[in-house]
Amino acid sequence: VFVRLREPVQVAAGDEVVVGAQRLRVLADVDRPVHMRSDDDTRVLGSLVKPAPPIALLRIATEPALNEVYYRCQRLLTIGRNNCDLNFPRDSFVSERHAQLTMEGGALVLEDLRSRNGTYFRAREPMKLVHGDLVLLGDKVLRVELPR
């Protein structure tokens with residue numbers, strides 16, 4: 001079950017997100033293709049500036065052989081249809097600038113950028129829904145209607 005974001009939410013390794021028709025999973029450190037040690041003086045591309053902790057996402061396709069990993073060594077990763085770090089130009093459900101992931105104090109925060117179709121995250125545990133919340137079940141979006 002995926003719930004539409006009302007406000008930015010902290011995500012962790014293993015959490016899943018739906019942006020348009022794309023299902024993305026946040027990867028853990030051990031699943032990432034590049035590992036960087038923060039306890040040494042190794043220069044990255046000749047720079048003494050320490051890189052931001054990497055953000056890695058797995059795009060879950062209909063067939064596992066088509067899965068893709070997206071990797072960004074910056075504190076911000078934008079997702080959208082074009083001119084973003086992660087682009088899905090053929091997905092008509094994705095807004096031009098749809099959502100972003102930001103590394104804030106060691107925590108990864110997911111934020112919807114006022115997209116037309118919303119950004120959804122997989123509920124980790126039972127949660128309280130309020131009037132007007134949208135829930136994604138498979139390819140169906142359900143609106144919560146509560147008596148007032």
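**Exercise 1.** Is Cys 73 buried, partly exposed or exposed?

*Solution.* The model is a predicted one. The relative accessible area of Cys 73 is 27%. Buried requires a value under 20%, and exposed a value over 50%. Cys 73 is therefore partly exposed. The same cut-off can be applied to Cys 84: its relative accessibility is 11%, so Cys 84 counts as buried. As for disulfides, the count comes to 0, where a pair would need its sulfur atoms within 2.5 Å.

**Exercise 2.** Determine the strand order of the open sheet and identify its edges.

*Solution.* The sheet has 5 strands with mixed pairing, in the order β2-β10-β9-β7-β8. At the edges stand β2 and β8 (86-87); each has a single partner strand, so one side of each lacks a neighbour in the sheet. Within the sheet, β7 and β9 are antiparallel and pair over 4 bridges. Thr 78, for example, has Gln 100 in β9 as its bridge partner.

**Exercise 3.** Which residues of the largest nonpolar core touch the most other members?

*Solution.* This core holds 22 residues, and those touching the most other members are Leu 57, Ile 79, Leu 101 and Leu 110. Elements giving two or more residues to the core include β5 (55-60), β7 (76-80) and β10 (107-112). The largest share, 3 residues, comes from β9. Beyond four places in sequence, the contacts of Leu 101 include Val 11, Leu 57, Leu 77 and Leu 110. A second, separate core has 5 residues, among them Phe 2, Tyr 120, Leu 134 and Leu 136.

Note on methods: Residues are numbered from 1 along each chain as its sequence is written. This is a predicted model: local features need pLDDT of at least 70, side-chain atom pairs count only at pLDDT 80 or more; totals for chains, interfaces and linings use all residues. Side-chain values use heavy atoms; hydrogens and water are left out. A nonpolar core is a set of buried Ala, Val, Leu, Ile, Met, Phe, Trp, Tyr and Cys residues joined through side-chain atoms within 4.5 Å. Buried means under 20% relative accessible area, exposed over 50%, partly exposed in between (1.4 Å probe, protein chains only). Contact means heavy atoms within 4.5 Å. Two strands pair if DSSP finds at least two bridges between them.
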